[in-house]
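Subject: Structure handover

Hi,

Here is the structure I promised you. Please load it before reading on; my notes follow below.

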Amino acid sequence: MPRELQRLIAILGMLSAFAVMRSPSSSYGQDKGLNAPSFAELMEQGINLEKDHRWQESIQHYEKVQRKFPQYQDAQRRLQIVRIHFDVTRRYSDKSFVMTLDQSQPVVALDLLGEILNKLQAYYVEPIDFARLLRNGTAFLEVALTEKEFLATNVSPSVSTEAIEHFRLNIHKAVVDQPITNVAQAKAMVSHVATLARDQIGIPPTAVIYEYISGFVGLLDPYSAYLTAGEYQEIMGQIEGNLIGLGVELWAEGNDLRIVEVFKEGPAFESGLRKGDQLIEIGGTRVDEVGAKRAADLLRGAENSVVRIVYRRDTSSLQTIDVRRRRVDVPSVSVACIVDPQVGTGYIRISNFQKTTPKEVDNALRHLYSQGLRNLIIDLRRNPGGLLDASVEIADMFISSGIIVTTRGRNGQENHNYSAQMPGTWDVPMVVMIDEDSASASEIFAGAIRDQGRGLIVGRNSYGKGSVQGVFHNDQGNGGMRLTVSKFFSPSGAAISDRGIQPNMVFDLPPPVSQRSAAKIPVSLDPARDGKTAELQTSATTSETSTPEWNQDIEVLRAIEAVRTELPKLARGR
């Protein structure tokens, strides 16, 4: 495997300005009884989201519909279309991508297209069908021709809407039923389409070629994608555990740009920004004039540069602050404490798996051991994944022997059996918490703990993303791609894709946060009675998240009770 490929279980969601563009979660997928919406009603909701161009919410919506009604294909078709819309808008909201278009000549773009095709042939988990790739690229171009960002950048206002639509509806005729079987033929066909687009409606050939590049990768599966230069840099920064930016996580849709998470000790937190703040203006540009995604891109900038932000908190008047961008270390262990001193139960919350995670977990374990650790809860809820190697290394901390995970690729280079080693094993009874947003590396860890009989899995069925992605940097140095290179299997040989990890003990969906905060703590678990919790003190940044404190989180309290009541049964069965 080339040096530029980093193995990871790709984190769900793209980074922008050190910010994940996050959609609010929905729980209708687990609705039961007469009030559960029908398939037709859910599809109508999706169409309404599409009409408002709320592509992120549409993706999440159709994913849930597809999971609830797998027998219907309509949701899958709509999901593919809205993914293309989102892909086009995210790229054209990214100034690094627009700069790449401006600076690239068609011959250079075609060289990149050839490089991408060669890597697909060498590394993609499934055999490559060139005819299908051409159809995918054409679909990207057809959708792009309906997006205002694409048209504003690439088509003259003098070109009529009728001419654009005529070209869009007929472009597939240039590629359908063509005998495309190799890279050279694919490049020639894309060059032909790019020439037609230039001659008929004046689109620069480079813009057309990049839609085919994006389509070749973006419709292979839900996790493969072309990466702009900015996205590639930010993903690599997240793998390393540090990013240059403000230290915020954003929700961006339409003209609404809000902060949903602020990392403590980051520049945004130190400047006074908080979760829930709505960003109104960035660097002199109003969000409602350029859209939330493009405005979010304005938060990017060089280290030590300053950006002026106008924001609103709740219903208060507008406030203005200047924030200096800098490198922010982002920890993956956000909480580590003793939660039940009577029986020595420790609690570790892992938000994602990055290069620093094994060291963070090791430090947390040693600290908790000094506080009387005898049982352990590891919380992987809402953990979208990260590095494969990090999840394997952490599983190896708790499993003394046997398989942790097996990966299988198409060409054999990605076929690996990852096994545990005895030295350094923590033989502490464990409960692992998962939910429907626990994915990828989280599923590797939970699957290994479950299959090896090493601990109790509690919560809800995990996401079911059983594939490994590699991140490739392109030879031109102006971006890259995230590509599925293998699938992984738990120690029992079970596939994770579309199935997920089933918990030993199922937790129903918790009540709303307002009700959770009023939860009563059992007397036996009351810190005031049993002693103070031992919070982990480190220099790493922690995040101000929406997760309740552990003693106000009903699911954590249930996990603590499971340590007392269920772990002894598991230990007797080993």
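Glu-165 and Arg-168 share helix α8, which covers residues 161–170. They sit three residues apart, about one turn of that helix. Their side chains form a salt bridge, at 2.8 Å from N to O. Keep in mind that this is a predicted model.

How exposed is each partner? Glu-165 is partly exposed, because its relative accessibility is 31%, and that falls between the 20% and 50% cut-offs. Arg-168 has a relative accessible area of 17%, so it counts as buried.

Salt bridges elsewhere

The whole structure holds 31 salt bridges. One of them joins Glu-231 and Arg-90, with the closest N and O atoms 2.6 Å apart. This pair connects distant parts of the chain. Glu-231 belongs to helix α11 (residues 229–240), and Arg-90 belongs to helix α3 (residues 74–92). The separation is 141 residues. Both Glu-231 and Arg-90 are buried.

Helix α11 also contains Glu-234. The salt-bridge partner of Glu-234 is Arg-300, and their closest N and O atoms are 2.8 Å apart. Arg-300 is in the loop between α14 (292–297) and β8 (306–312), so the pair ties together parts 66 residues apart in sequence. Arg-300 is buried, at 12% relative accessibility. Glu-234 is buried as well, with a relative accessible area of 8%.

There is also a network. Salt bridges with shared partners join Asp-379, Arg-381, Glu-436, Arg-460, Asp-553 and Glu-555.

The six-stranded sheet

What is the strand order in the open sheet of six strands? It runs β11-β12-β13-β16-β17-β20, and the pairing is mixed. The edges are β11 (333–340) and β20 (505–506). Each has a single partner strand, so one side of each has no neighbour in the sheet.

Val-458 has Met-505 in β20 as its bridge partner.

Helices across the sheet

Two helices are worth a look here. Helix α15 (residues 357–370) lies across β11, β12 (345–350) and β13 (375–379). It runs at about 160° to β12. Helix α17 (residues 441–451) lies across β13, β16 (430–434) and β17. Its angle to β16 is about 140°.

Best wishes

Definitions and conventions. Residues numbered from 1 in each chain as written. Predicted model: local features only at pLDDT ≥ 70, side-chain atom pairs only at ≥ 80, totals over all residues. Heavy atoms only, no water. Salt bridge = Lys/Arg side-chain N within 4 Å of Asp/Glu carboxyl O. Helix = DSSP H or I, 4+ residues; strand = E, 2+ residues; numbered from the N terminus. Buried < 20%, exposed > 50% of the residue type's maximum accessible area, 1.4 Å probe, protein only. Pairing = 2+ DSSP bridges. Contact = heavy atoms within 4.5 Å. Axes fitted to C-alpha atoms, helices over the stretch in contact; angles between N-to-C directions.
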